[in-house]
Amino acid sequence: MTILSVYDKAVQLQNRARQIAAGAVGEKEATRVLSRTKELRAALAELRNQVELSHALAGLGAAAKPDLAGIDSARTAFDRKARNGLPSDTVFNTARRKVQEFTDRLKGDNSEAWSSWATARIAGLPLARIPMLSADEREAARGREKELRQAAAAKSLSKAGITLFTGTYAILAEALHDKSDPPKELLDLLDRLEKRPSPTLRDITDADIALLRQFDMDLHITLQRTGA
């Protein structure tokens, strides 16, 4: 059983309802089934999107392939109740609720898997090498780093978002691949600046400032007056 087989069943019911509407069974009943079928198809389309996302994540090694046993059981129950005529609203509502529950669960699993995987990928990049790039390359690299972090934290995951992340990641990884690590004195200085309480201007030497400017790191250092 597949998601497509559930979707096909909904299409079949919709076609039957149209036939009934053209016959003598009554337009009201046909209209009801057409409306319920439309709602079920919309729910199934959302579920199918999450299944496709799950498969995409599995292809990246970020998640396992989804277990569709639950939705297959729901499809079987719906099919059984729809064999001897048009299903009641209760049957439609039960099917739609089960589809929505499965969709929500899969959506949560996809989001968690994506966040963990994407965050780990960013952490594996040698971002400390960005200061070793040329000025234009540094600006582009920092822009790509920002894009990656935003994509990793995105609340709404999409196949386009996954493709954008993997493409941006590949470009940034390639840009940093053959670059050397920044000098230890720069890393030590940055580490010192990030400590709390922050050092005062008196603690920073002219040589420290020159080192920051050499790698354009002065663009990312702010000063704040304390006290009176």
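Arg-138 lies in helix H5 of this predicted model. With a relative accessible area of 7%, Arg-138 counts as buried, because the cut-off for that word is under 20%. Its side chain reaches the backbone oxygen of Pro-131 at 3.3 Å. Leaving aside residues up to four places away in sequence, Arg-138 touches Ile-130, Pro-131, Leu-133, Phe-215 and Asp-216.

Not counting residues up to four places away in sequence, Trp-114 is in contact with Leu-57, Ala-151, Ala-152, Leu-157, Ile-162 and Phe-165.

Next comes a pair of helices. Two packed helices are described by the angle between their axes and by the distance between those axes. For helix H3 (residues 69–81) and H4, the axes come within 10 Å and cross at roughly 170 degrees. H3 is therefore roughly antiparallel to H4, since an angle over 145 degrees counts as such. On the H3 side the contact is made by Ile-71, Ala-74, Phe-78 and Lys-81. On the H4 side, Val-91, Phe-92, Ala-95, Lys-98, Val-99 and Phe-102 take part. Sorted by class, this contact has 8 nonpolar residues, 2 charged residues and no polar ones.

Key
Residues are numbered from 1 along each chain as its sequence is written. This is a predicted model: local features need pLDDT of at least 70, side-chain atom pairs count only at pLDDT 80 or more; totals for chains, interfaces and linings use all residues. Side-chain values use heavy atoms; hydrogens and water are left out. Contact means heavy atoms within 4.5 Å. Axes are lines fitted to C-alpha atoms, for helices over the stretch in contact, and angles run from 0 to 180 degrees between N-to-C directions. Helices (H or I, at least four residues) and strands (E, at least two) are DSSP runs, numbered from the N terminus. Angles under 35 degrees count as roughly parallel, over 145 as roughly antiparallel, 65 to 115 as roughly perpendicular and the rest as oblique. Ala, Val, Leu, Ile, Met, Phe, Trp, Tyr, Cys and Pro count as nonpolar, Asp, Glu, Lys and Arg as charged, and the others, Gly among them, as polar. Buried means under 20% relative accessible area, exposed over 50%, partly exposed in between (1.4 Å probe, protein chains only). A polar contact is a pair of N or O atoms within 3.5 Å; within protein, one must be able to donate a hydrogen and the other to accept it, and residues adjacent in sequence count only if both atoms are side-chain atoms.
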